[in-house]
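Dear colleague,

I am passing on to you the structure we spoke of, with the sequence and coordinates below.

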Amino acid sequence: MAYLIDSTSPSQAWVEAMETLIGLRTGKAVNFNVAFPGDAEEHPEMAHVIDDFLVEHDLRHEREILAVETVANTIFPQALYHPHLGDQAAALLYENYELSMRMHRRRKGGKDTYFNRLTAYPVSPDPTKPRDLELAPEGTLNQLDLHVQRMRKQRNSAHLSSSYEIGVSHPVDGELRVQAPLRDKSMTGFPCLSHISLTLADDAVHLTATYRNQTFITRAYGNYLGLSRLLRFIANETGARVGEVEVVATHADAELKIGPPAVRGLVDRCRGEFATRALVAHA
Amino acid sequence: MTDTKGMLLDQLALVRGRDRTHLDSQLDAAGGDLEIDSKEGQTVAMRMELLLGMEGLIRPEDQTRTNLTTVQSLERLIERRRTERGGD
């Protein structure tokens with residue numbers, strides 16, 4: 001059974017999604033869709049509430065507690081993007097991120113990040129094809145830059161809406177994926193399946209992200225923030241308006257194994273943060 | 001040994017796309033230290049290694065939130081590692 005949470009902000013969306021999931025016997029669902037405006041206000045207080053919960057319950061991933069901001073940073077490193085630099089902003093972001101990844105690999109070995117997959121996807125360019133070598137001179141493809149450039153052109157020409165698919169997982173990671181970033185350069189036709197899909201419609205850019213599994217306490221809120229920031233970056237770099245974020249969890253998990261009363265308490269606290277903010281905003 | 005703090009601030013200014021004077025003003029206003037994001041910390045640390053010609057200066061175990069998220073803590077870390085290596 002599919003679900004759709006259509007909300008007003010990533011924070012409100014997370015609360016509504018959790019309320020739906022914990023209302024289910026297992027706390028799990030398939031085809032779980034959550035949508036919110038990409039330019040909605042962020043609520044740092046909610047990230048703090050979730051971070052405190054992660055610490056309180058010692059929810060580690062590979063020996064580390066991943067704070068909401070850390071999860072968001074793996075999708076888009078907000079601190080390295082400086083829009084005031086105009087045309088130079090994206091180039092500096094890519095350069096600085098590559099440097100930070102050298103340090104990251106020293107600690108994490110070959111463990112990749114989502115943003116690195118967006119900007120340095122491992123490919124094997126065909127050395128006989130100049131376009132391949134131009135796109136991936138070092139055996140990595142900056143998919144994000146490719147689509148920003150493509151979308152910029154499309155805004156002023158053919159207005160193709162659905163030609164911007166970004167793959168995150170690699171075929172050898174054990175997932176079925178259809179799109180091959182360097183091979184599938186055609187702007188129309190097959191393939192239409194991917195992990196991040198960008199749509200340019202009515203001069204707004206929208207983002208759909210597909211997760212094969214999404215844990216809602218340890219990841220989802222950080223995912224929402226990171227994806228919103230990624231969409232704002234793309235919109236800013238292309239000159240389009242910020243549209244909607246939709247996150248499809250083909251398998252969603254409220255992580256009730258932590259203990260249903262504790263999880264319900266967390267959702268109540270987050271909802272409380274909202275209620276307080278709403279009262280202050282309307283006072 | 002060359003001025004670690006000055007070099008570090010130059011690199012942070014570069015990472016933020018700002019003039020050094022802008023950063024100095026922020027530093028003064030904040031009482032002599034600045035919080036930095038952990039990704040900024042990693043980037044600045046890598047830039048410092050390249051500038052000093054000391055790749056591998058920062059060890060995997062050094063990359064903690066405490067070490068990477070303020071100017072002063074990153075400066076102290078780099079100073080300590082440079083001293084151990086007999087920098088400059």
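This is a predicted model: local features need pLDDT of at least 70, side-chain atom pairs count only at pLDDT 80 or more; totals for chains, interfaces and linings use all residues.

Chain A contains nine helices and nine strands, and of its 283 residues 39% count as buried. If one takes the contacts in chain A between residues at least 6 apart in sequence, 71% of them join residues at least 24 apart.

Helix H8 of chain A (residues 216–238) takes part in two of the helix pairs I looked at. Two packed helices are described by the angle between their axes and the distance between the axes. For helix H3 (residues 68–75) of chain A and H8(A), the axes come within 7 Å and cross at roughly 40 degrees, which makes H3(A) oblique to H8(A), and the crossing is right-handed. On the H3(A) side this contact includes A:Val68, A:Val71 and A:Ala72, and on the H8(A) side A:Gly222, A:Leu225, A:Gly226 and A:Arg229 are among the residues involved. By class, the residues of the contact of H3(A) with H8(A) are eight nonpolar, five polar and two charged.

For helix H7 (residues 143–156) of chain A and H8(A), the axes come within 9 Å and cross at roughly 50 degrees, so H7(A) is likewise oblique to H8(A), and this crossing too is right-handed. Here H7(A) contributes A:Val148, A:Met151, A:Arg152 and A:Arg155, while H8(A) contributes A:Ile234, A:Glu237 and A:Thr238. These residues divide into three nonpolar, one polar and three charged.

Helix H4 of chain A (residues 89–108) has 20 residues, which at 1.5 Å a residue should span 28 Å, and its end C-alpha atoms are 27 Å apart, in agreement with that expectation. Its buried residues include A:Leu93, A:Asn96, A:Tyr97, A:Ser100, A:Met103 and A:His104. An α-helix has 3.6 residues a turn, so residues three or four places apart point the same way. The buried residues of H4(A) pack against helix H5 (114–119), H7 and H8 of chain A, together with H1 and H3 of chain B. Just after H4(A), A:Gly109 takes a positive phi of about 65 degrees.

As for the contact between the chains, 14 residues of chain B are in contact with 16 residues of chain A. On the chain B side, the elements that give two or more residues are helix H1 (4–16) and helix H3 (38–52), and H3(B) gives the most, with seven residues. That side of chain B is made up of five nonpolar, four polar and five charged residues.

With best wishes

Note on methods. Residues are numbered from 1 along each chain as its sequence is written. Chains are lettered from A and ligands numbered from 1 in the order in which they are written. Two residues are in contact if their C-beta atoms, placed from the backbone, lie within 7 Å. Helices (H or I, at least four residues) and strands (E, at least two) are DSSP runs, numbered from the N terminus. Ala, Val, Leu, Ile, Met, Phe, Trp, Tyr, Cys and Pro count as nonpolar, Asp, Glu, Lys and Arg as charged, and the others, Gly among them, as polar. A residue is buried if 20 or more other C-beta atoms lie within 10 Å of its own, exposed if 12 or fewer, and partly exposed in between; C-beta atoms are placed from the backbone. Axes are lines fitted to C-alpha atoms, for helices over the stretch in contact, and angles run from 0 to 180 degrees between N-to-C directions. Angles under 35 degrees count as roughly parallel, over 145 as roughly antiparallel, 65 to 115 as roughly perpendicular and the rest as oblique. A crossing is left-handed if the near helix is turned anticlockwise from the far one by less than a right angle, and right-handed if clockwise. The expected span of a helix is 1.5 Å times one less than its number of residues.
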